[in-house]
Amino acid sequence: MKTCKWFLVALFLCAPLRSMRAQVHSELALPPAGDNQRAVISQWIGLVKVTIDYHSPNVHGPSGTDRTGHIWGELVDYGFPDLGFGPSHSAPWRVGANESTTISLSHDVKIEGKDLKAGTYALFLDVEKEGPWTWIFSKNAKGWGSYQYDPKFDALRVPVTPTDTPYTEFMTFGFDERRPSSTVAYLQWEKKRIPFKIEVPNITQLYVDQIREDLLTWPGFNYQNWQNAAQFCADNKINLEEALVWAEKAIHEPFRGAVVGVEDFSTLSTKAAVLGAMGRTSEADSVMETALAKPDTTMFNLYFYGVGLLRSSRPDRALKVFELNQQRYPDEKFWTYFGLARAYTALNDKSNAIKNWELALANVPSNRQFMLPQYKAILKKLKDGN
Amino acid sequence: MKNVKWLLLFVLACTLLPSARGQVLTEISIPPNGDNERSEVSQWIGLVKISIDYHAPNVHGGGGADRTGHIWGGLIPYGFFDDGHGPSHATPWRVGANENTTITFSHDVRIDGHDLKAGTYALFLALDKTGPWTWIFSNHSTGWGSYQYDPKNDALRVPATPQTAPYTEFMTFLFDERRPNSATAVLQWESKRISFKIDVPNVNDLYVEQIRKELQGWPGFNYQNWQKAAAFCAARKINLEEALVWADKAIHEPFRGVWSGGREDFSTLRTKAAILEALGRQSEADTVTAKALTFTDTPVIYLYVYGSGLLAKGQNDKALQIFKLNQQYHPDEKFWTRRGLAQGYAAVGDKTQAIENWEVALRNVPLSEQSDVPSFENALNKLKSGN
């Protein structure tokens with residue numbers, strides 16, 4: 001940016017040249033150059049943390065002049081201009097003000113489909129009059145501005161197409177599309193938005209690796225953590241052989257006297273879930289028989305197991321579970337009937353479905369009252385369908 | 001949020017109740033609930049750092065259904081509601097998902113004009129169908145959701161009026177109006193934007209306090225830091241008496257032999273003069289400036305910038321003197337000296353001299369100034385056509 005030269009001049013005036021090379025911690029806490037305040041934004045993609053650290057200029061610069069329409073190609077030069085200072089004579093934009101903007105990645109990721117290793121990079125942008133702009137990730141992350149830019153430190157370049165966007169006074173980095181295994185980082189300023197996609201294709205594997213490590217530390221002394229670990233694998237259908245070992249540990253292993261393993265509905269359900277994920281359905285069912293017989297099995301345990309079976313398109317077995325729930329908990333009037341109604345609906349037994357819906361609807365607990373209209377609509381649909 | 005209750009039931013079903021109170025370090029790493037990923041946004045107001053830490057839900061929820069138009073007053077009920085899980089039966093919105101959203105201030109600040117102490121707070125928002133909404137800063141910052149909300153922990157409540165905003169899929173906190181002594185924190189989601197202003201009225205005092213501390217440490221062994229500290233105060237016209245002491249230290253004091261002693265040159269003397277000017281002690285300032293101008297080894301650009309500053313203040317004759325002096329000290333330099341003279345003569349109405357100096361300057365533009373050549377030519381042409 002052209003105005004930077006003036007910041008530099010101001011620096012020279014305040015302090016002779018050699019102080020430019022002084023180390024950061026020998027310097028004073030003074031306001032950022034040009035009053036461009038510092039901002040940091042972090043986004044997690046599961047375990048992966050992405051951080052962008054920058055100083056934000058605004059469209060109305062220090063003097064208050066409206067530079068709308070004069071940012072791209074003017075304040076920020078197109079291409080790789082000679083900034084007239086420092087070793088580089090062909091430097092992209094630092095995407096901010098003052099120190100180079102940096103991006104830190106806690107793990108290896110993919111940027112716009114290309115691999116980029118974990119680490120901290122300076123982030124530059126090649127702004128073009130026509131055609132795509134180019135994000136540059138540079139290994140020299142400690143520069144001031146882009147005066148020290150050297151293409152030999154490039155770790156990655158990715159082209160992207162800027163889009164038009166609502167007016168944004170302060171140059172802003174943000175994250176959008178914050179999905180479990182990806183996100184989109186974007187720069188938004190004036191009337192342009194320039195994104196790049198960050199993906200973590202191996203996010204589930206990263207969790208497994210982290211969990212395995214976690215289990216070797218303090219969490220490993222608690223059977224529930226082994227169970228949760230196994231459940232995570234079952235839910236994501238990953239690392240199932242080891243998950244089965246983890247599930248067994250939760251059930252059987254004495255934990256060095258600190259805590260013992262626990263065989264109850266919950267731990268057995270997890271083991272069954274792992275077996276189910278492995279396709280070993282009959283073994284899973286037999287484990288669940290043991291679970292269902294446990295005296296501590298609660299009404300909700302049974303209900304959720306039944307719902308899971310419905311989701312796996314096993315309404316016959318679900319019905320048995322809901323029937324068992326009603327026998328076991330005859331005083332409960334909502335969840336048991338609710339379960340039966342859902343199972344009969346799935347089995348196309350409309351008269352039984354309606355009967356149980358009506359019983360459930362007469363006993364909706366206060367914290368489910370807000371769902372009443374929805375329940376009534378379902379029942380009406382069933383009846384109308386007769 | 002209503003669907004949170006289902007998540008809770010699910011959590012209860014998967015893990016036995018006691019584990020819900022387990023400490024973070026005793027748990028393994030699993031994905032955030034409902035796949036609402038974690039985000040953190042930090043903004044500095046000078047030395048003051050503000051961080052907002054949250055999990056972001058999106059308009060198209062877990063099931064992918066478009067909930068546009070059903071967020072405010074729908075997914076998030078108006079007012080203080082019973083979220084079906086205790087102990088609170090009248091809770092505001094956690095402004096996010098999962099753990100309650102927190103906001104951390106490194107220093108005391110003002111929120112929409114009200115004092116708030118440094119610290120970490122849970123941030124809640126109470127919606128209202130017709131009137132202003134209410135931001136709530138709670139001292140109980142370690143809850144999950146807002147189930148544990150209790151008004152007795154409120155540190156501050158401020159009303160705020162939501163505005164219409166461009167559609168935003170993911171609930172987003174951001175900062176706008178990032179000024180030297182204030183910033184605006186903004187929540188943007190679906191088609192609403194709601195904000196609160198953070199002021200740091202004492203931002204200069206904080207710098208002075210911090211600088212004073214730093215000068216007692218390693219930076220205090222370098223005369224340049226005393227000078228910079230003094231220059232900062234002069235520029236903002238604050239803490240001037242102490243700044244004068246700092247400026248003098250930079251000039252005179254030997255720094256315990258680590259580096260050579262203080263340093264008397266154009267730069268350090270001008271810093272002292274600037275403080276004296278700010279104090280209204282003009283004749284003393286003039287004496288110090290006069291001495292500053294006797295250093296013939298002063299870099300050309302220092303004198304140019306000093307002269308330009310005088311021009312900006314309308315002290316044209318004085319500026320021209322400085323530019324002449326600059327040429328006298330740097331007879332071989334052909335850009336900064338001539339550019340200064342061109343601007344100086346133009347300011348005092350001597351067009352002939354102004355044009356002559358611009359023409360020399362334009363023949364000697366250094367690489368660093370090449371991109372400004374059009375504006376130099378423009379100034380020259382203006383002078384010529386005005387003749």
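The briefing below begins with confidence and then takes up the chain interface, a helix pair and a sheet.

This is a predicted model, and chain A averages a pLDDT of 88, with 90% of the residues scoring at least 70. A total of 60 residues of chain A are in contact with 58 residues of chain B.

**Confidence**

- Across chain A the average pLDDT is 88, but over residues 7-25 of chain A the pLDDT is below 50, and this stretch has 18 contacts in the model beyond near neighbours in sequence.

**The interface between chain A and chain B**

- The side of chain A that touches chain B receives at least two residues from each of helix 1 (4-14), strand 1 (38-45), strand 9 (163-176), helix 2 (203-215), helix 3 (223-236) and helix 7 (299-311) of chain A.
- Strand 1 of chain A gives the most to this side, with eight residues.
- By class, the residues on the side of chain A that touches chain B comprise 31 nonpolar, 20 polar and nine charged.
- Strand 1 of chain A and strand 1 (residues 38-45) of chain B run antiparallel and are joined by five bridges, and A:Q43 stands opposite B:S39 in strand 1 of chain B.

**Helix 8 and helix 9 of chain A**

- Helix 8 (residues 315-328) and helix 9 (residues 335-346) of chain A pack at an angle of about 160 degrees, with their axes 9 Å apart.
- Because angles over 145 degrees count as roughly antiparallel, helix 8 of chain A and helix 9 of chain A are described as roughly antiparallel to each other.
- The crossing in which helix 8 of chain A passes helix 9 of chain A is left-handed.
- On helix 8 of chain A the contact is made by A:P315, A:A318, A:L319, A:F322, A:N325 and A:Q326, while helix 9 of chain A contributes A:T336, A:G339, A:L340, A:A343 and A:A346.
- Seven nonpolar and four polar residues, with no charged residues, form this contact of helix 8 of chain A with helix 9 of chain A.

- Strand 9 of chain A runs antiparallel to strand 10 (residues 182-199) of chain A, and eight bridges join the two.
- The bridge partner of A:T168 in strand 10 of chain A is A:E190.

Terms used: Residues are numbered from 1 along each chain as its sequence is written. Chains are lettered from A and ligands numbered from 1 in the order in which they are written. This is a predicted model: local features need pLDDT of at least 70, side-chain atom pairs count only at pLDDT 80 or more; totals for chains, interfaces and linings use all residues. pLDDT is the predictor's confidence in each residue, from 0 to 100. Two residues are in contact if their C-beta atoms, placed from the backbone, lie within 7 Å. Helices (H or I, at least four residues) and strands (E, at least two) are DSSP runs, numbered from the N terminus. Ala, Val, Leu, Ile, Met, Phe, Trp, Tyr, Cys and Pro count as nonpolar, Asp, Glu, Lys and Arg as charged, and the others, Gly among them, as polar. Two strands pair if DSSP finds at least two bridges between them. Axes are lines fitted to C-alpha atoms, for helices over the stretch in contact, and angles run from 0 to 180 degrees between N-to-C directions. Angles under 35 degrees count as roughly parallel, over 145 as roughly antiparallel, 65 to 115 as roughly perpendicular and the rest as oblique. A crossing is left-handed if the near helix is turned anticlockwise from the far one by less than a right angle, and right-handed if clockwise.
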